[in-house]
Each structure stands twice: as structure tokens, then as C-alpha cells.
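Let's take a friendly walk through a protein model and see how its parts meet. Keep the picture at hand as you read.

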Amino acid sequence: MDTNIVEVINVTREVAWLPWAVQYFFLIGLSVGGVLLSLPGYAFAREEWRATGRVALLVALTCGLAAPVALLSDLHQPGRFWHFYVVFRPTSWMWWGSLIIPFYVAGLLVYAWTCLREELREHGAVDSRLAPLYRLAAAGGGRNDALIRAAGLVALAGAAAVVLYTGAEVAVVRARPLWNTPFLPVQFALTALAGAAGLVLILNRFAGADRAVEVRVNRVLAATLAAVMAVGGLWLALGLSGIEPTHAEALGSVVGSEAWRVTAVWAVAATAVPFAIALARPSGTGLLTGLIAVHSAWMFRWTVFIGGQSVPKTGAGFYEYALPAGPDGLLGIAGTAGLWLFLLLVITAIVPTPRRPASGPVRAAPAAGRAVAAAE
Amino acid sequence: MDRSRRNFCLGAGAAAVGAAALAAPPADAAAARKGGDPANRWAMVVDVRKCVGCQACTVACIMENAVPANSFRTIVSTYEVTEGGRAGTAMLPRLCNHCEDAPCLPVCPTGATFQRRDGIVVVDNTVCVGCGYCVQACPYDARFINHETRTADKCTFCVHRVDAGLLPACVETCVGGARIFGDLNDPGSTVSRLVRTQAPKVLKPGQGTDPRVFYIGLDPNLEGKVEGTPTLWRPSARPHAHAPAAKEHA
Ligand code: SF4
Ligand code: SF4
């Protein structure tokens, strides 16, 4: 029978996970991607990856340090964060996250220190007033590949735990069909890697524009985006075929919406375009592909979180979302971006990106490289 | 509701015969319960045929529980349903279902959300960090972040009144007699009898949450996420462009 329903009165639920959460998942994902991209050059001492690893390390550090701040801000009672640490709640992925984040960030800091130690020592050898501080920070050592590898593996374990928990935390929410899919953790991981590659390309552009790094990372980006498209295509195919009821339901909840269709086209374009460019012209296009890739990784999270929460669980149609100007909206996004930039400036001021670190052993690089800062 | 009030006196200590048809909670979930009297299992039956959509319950709840502006622990969703050329208005009072297997419980990273041994699901807002995970996990949009307490909030079956031997405010105020509250552990209670004899429905049974708010006369079209034209008027939403278009479908 032909049934027509008009909803006359119902409640609108506001988003409970604010744009802060988008920022958190974006930054922590990029940080994890940065760790992955830094591993070949540092933990596995592949010299041809070293220069890439140096920029990737910067991505991992800046994003990894800014991310927990965004997460804390997403709590409506941030001052109570210690409540996580006085209970045992193994059924909650978020509780596991509260243990994993400090483990990851601590591991990342130690790993970064082992990687940057030789640079610290070089700065300590220069005749300057800060030299003693650098010598102190280097703790009397230089490059130690065994130590870097050990720390790198710990950082990798932390990164894997972050990927697992951030993915599972969202994917287990059965009440939201769009989230409740085993594809989501994979999509988070792949888009994070693509975003990290994108940020490496951007930073590389401002820190000497190393062509070798650009070509290498553009290739990584192309491969990652290919995987992103494959997984996305599989998700869509499963949804359209109706074989998998969860995916069909997820697709069904948004397919009728014009706004969601526009978003889908946008997402495909933001993946396919940098893929094509990075594949066809890996040299000289890094800034462009990088910017699109970072944008695409962010958009994916915005769509999943803010878009996902605009799908009512019981009511008809969609909840409306208007980005507030204050801390719960635009100011939060701008604030996190500002914090990231601040961290970038501080870190590159302390350990400036070496100008030409790619060729030859880095330990031989002249200390004069210190004069060039990455983002200046 | 007189009969519901009487159930309160009979409720305590009664055997769990009436609830025989209802599934027991998972063992670990039951073990985690605290507070409340395990002799009771509070539940609500909503006879939607009797609801006139006056929203007296909505207002009573707001007054009783100091619910901030633009937030709701309960609301009577109202739909215009046209079927086979005949139009009618359907009312659907919504509230927390105090699910037997509540998905909002395991996700809470602090234990602020918990279930009492009488089945009532509550939030300790002195513990809650306002992470909003439970808001995501509830399949019924029953939860929200209270802007004044900055913690998770939802219907508590008016637990403070129930503990004092009173009915929830919405039940007390319901002019149509549509909301009936009582103890499922008491086979003689009205809710037990209605659940036994009327084969009431629950919302989104496919979610496996085992709700303890039952509906008599529920239109199957309204059981899950409602497929229809979005609301003409929504509290807290800005006036929007679809409204005039929506009206044409009615
Ligand atoms: S209706 Fe939602 S908030 Fe209430 S018990 Fe069930 S899952 Fe929890
Ligand atoms: S918002 Fe509060 S009650 Fe809900 S999951 Fe977070 S800590 Fe628990």
C-alpha cells in the first residue's frame, strides 16, 4: 500500500562529537601516517628514504602532539579526563584509547629523539650559546641505528594500536549504519596515510623542495589513493548489491540526499585527481597533490563524523548542522590548526630541517644546515 | 494512573513470573548492575491509541527534571500518515527504553552510565566526562549532552520519584492514560498483564537492545528510522527551506 509519512514534530539532536573530534582523528591519523613514512629511512636505515623520513618525522611529531589537545577539547568536561584512569572499562574502546594515546605519544617522542639525536649533537658542536643545551639533549650520543630501530618498532606498535582503536571505536557503533562497517578502520588508515603523504609533500615544498622526496612520496600517495579508491569501490559495490545488509542500510540512509551525493562526487574527485596527477607527473606537482590529499583526508573525517551524526536514528530526513563560530566549531578548527603551526615553528626552530640531507650519510652534513628552518 | 500507582505497592518482593517471556540480561551485564532493588524491573507500556499528542508529558518532564531549553528527555513525535488515500495523525511518545541489553552501557569509558538492578539506566553526572560515546551508541537518539551540566543526559524513568514511591512525571501527567508504568517482576501489575496479553511492540527490535518500553498500537512504519518527509517544526532547529514543500505531501 502506498504510504506517505510527514513528520510534524520531532526533536533535533545536536552533534555530540564536535569538530574537535574531526581534528583529533585527522591529526592522530596524519601522525601515524608520518611514523609509517619515517620508518624506512630511520628505523630500517634505508638511506634513500632518509630525507623523506626527516619530513615525515616532522609530520608525525607536530600532528601527534596537537592531536591529544583536540581530543581533550572534545570532552564536554575536559577537566575530568583523569576519570578515564581510575576505572577499568575494557568494554569501551574509548577507554583503551585513553591508555593507547599516552603510550603512542611517549613512544613517538622517544623515537623522534633517537632519530634527531645526531642532529642535536651537530648543533651542540657549533660555537653558540645554545650548544650546551643541544649537547645535553643529545645525551652524549649520535646516530645509533640499533636504538633507532628499537624505538621505531615501539612507535610502530603504538601507531598500530592507534589505528586499531580509532577504527574500532567508531566501527562498533551499531546504532549508526554509516559507521558500523569493517571497512571504516581500513578507510581511516588508508586516508590517514594519504593525508600524511600529502603533508610531507607540502612541508617538503617549503623545506628545500627536494625533488627526490617529492617523486618518492608522490608515488606513495598514488599507491595509497589507489587503495583508498579500491576500498571505497568495494564498500559501494557491497552496499548497492545488497549482499551485505549493514552496507545496504548505510548506503540507504544517505542515498536519497542531494547533499550526500555532492559529497560523494567531491570525495571521488579529491581522490582521483591527485591520484592521476601524482601518477602522471610525480615531479613538480607535490604542493598541489599534497594540498588535495590533506584536504581529502580531512573531508573524509568531517563527512564521517559531522555528516554521520546528521543522520537521525529514528526521525525522518536529516538533522541540520551549521558550523558554530565559537570554540565548538570554527574557533576549534582554527585553534587546532594554529596549535599545529605553532608546534611546527617550535620544532623546526629547535631542529631545523637540514637543507640537503638526501645524498650521502647525514652524519657528515655540515652544521651550517642549521641556518635553514623548514617553515620559515 | 491509579492502576499504575497500585502496582507500586504490590511491586516489591513479587516473583518474576510475569516477565517469563522477556529475555534475561546477559550475565556479565547483570553482574555490573548496582543500586536499585533487584526485586523490581521497571518498565513502561505506551498505548499510542490513547495518546492525543498534547505534549503534557514533554512539559512535565522538562519541569520535573530541569531539562535545559531545546533539549528533551521525552517528546511525542507526531506524524501525519497517509495510507490508501486516508490521512491520520500518529503519535509516538519517545523516551529512553531502559534496554535490557543497552548498547550505551559498555561504551562508557568512565562507568558514569550504569544500569540499576531494577533495570533503570542512569548517568552519574558527577563522573561523566561528556565524551558523548553513549550518545552515539544509543540507537534511539534518546541521549544528548546537557549544556548546563556538560554531561550526558536522558530519561531516568524519574528515578528520584520512583525511589520515593511516585510515578514518573510523564505518567502522572498523561491526560490520555497512554503511559503506563510499573513492575515487570510483579505478574499482577498492569504492565505485566499488558505485555502478556497485548503483544506490544518495541522500537527497532533488530538492534537486539531488548527495550523495556513497549508500545501498543504502534504503526509498523514508525518502528525504526522513519522514512518520510522531515519535520515541519523542530525545536532547536532554525526555520528551513523544506518546510513549505513538505506540507504538500500531507
Ligand atoms: S534507549 Fe538508548 S539510552 Fe536508553 S538504555 Fe537503550 S541504549 Fe541506553
Ligand atoms: S558521555 Fe558520560 S556517560 Fe556517556 S559514555 Fe561518555 S562518560 Fe559515559
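How much area is buried between chain A and chain B? In this predicted model, the answer is about 5200 Å², and carbon and sulfur atoms give 48% of that area.

**Where the two chains meet**

Contact between the chains involves 50 residues of chain A and 68 residues of chain B. Across this interface there are 40 residue pairs in polar contact, along with one salt bridge. On the side of chain A that touches chain B, the elements supplying two or more residues are β1 (3-9) and α3 (93-125) of chain A. Of these, β1(A) provides the largest share, with seven residues. If you sort the residues of that side by class, you find 25 nonpolar, 13 polar and twelve charged.

Now look within chain A.

The domains of chain A touch through 38 residues of domain 1 and 31 residues of domain 2. About 2900 Å² is buried between them, and carbon and sulfur atoms give 80% of this area. How many salt bridges does the rule find across this domain interface? It finds zero, while six residue pairs are counted in polar contact.

Which helices build the side of domain 1 that touches domain 2 in chain A? At least two residues each come from α1 (19-38), α2 (50-74), α5 (145-171) and α11 (330-350) of chain A. The biggest contribution is that of α1(A), with eleven residues. By class, this side of domain 1 of chain A has 29 nonpolar, seven polar and two charged residues.

**A look at some salt bridges**

Over all chains, the count comes to 18 salt bridges.

| Salt bridge | N to O distance |
|---|---|
| R143(A) and E47(A) | 2.8 Å |
| K313(A) and D141(B) | 3.6 Å |
| E100(B) and R33(B) | 3.6 Å |

Start with R143(A) and E47(A), which are 96 residues apart and link distant parts of the chain. R143(A) sits in the loop between α4 (131-138) and α5 of chain A, and E47(A) in the loop between α1 and α2 of chain A. Buried or partly exposed? R143(A) counts as buried because its relative accessibility is 17%, whereas E47(A), at 29%, counts as partly exposed.

The pair of K313(A) and D141(B) crosses between chains. K313(A) lies in the loop between α10 (286-309) and α11 of chain A, and D141(B) in the loop between α5 (133-137) and β6 (144-146) of chain B. K313(A) has a relative accessibility of 2%, so it counts as buried. D141(B) is buried too, with a relative accessible area of 7%.

Finally, E100(B) and R33(B) join distant parts of chain B, 67 residues apart. E100(B) is in the loop between β3 (86-94) and α4 (104-107), and R33(B) is in the loop between α2 (27-31) and β1 (42-47) of chain B. Both residues, E100(B) and R33(B), are buried. Which residues belong to the network they share? Salt bridges with shared partners connect R33(B), R41(B), E100(B), D210(B) and R212(B) into one network.

Terms used:
Residues numbered from 1 in each chain as written. Chains lettered and ligands numbered in written order. Predicted model: local features only at pLDDT ≥ 70, side-chain atom pairs only at ≥ 80, totals over all residues. Heavy atoms only, no water. Contact = heavy atoms within 4.5 Å. Buried area = accessible area lost by both parts, 1.4 Å probe. Salt bridge = Lys/Arg side-chain N within 4 Å of Asp/Glu carboxyl O. Polar contact = N/O pair within 3.5 Å; in protein donor to acceptor, adjacent residues only side chain to side chain. Helix = DSSP H or I, 4+ residues; strand = E, 2+ residues; numbered from the N terminus. Nonpolar A, V, L, I, M, F, W, Y, C, P; charged D, E, K, R; others polar. Buried < 20%, exposed > 50% of the residue type's maximum accessible area, 1.4 Å probe, protein only.
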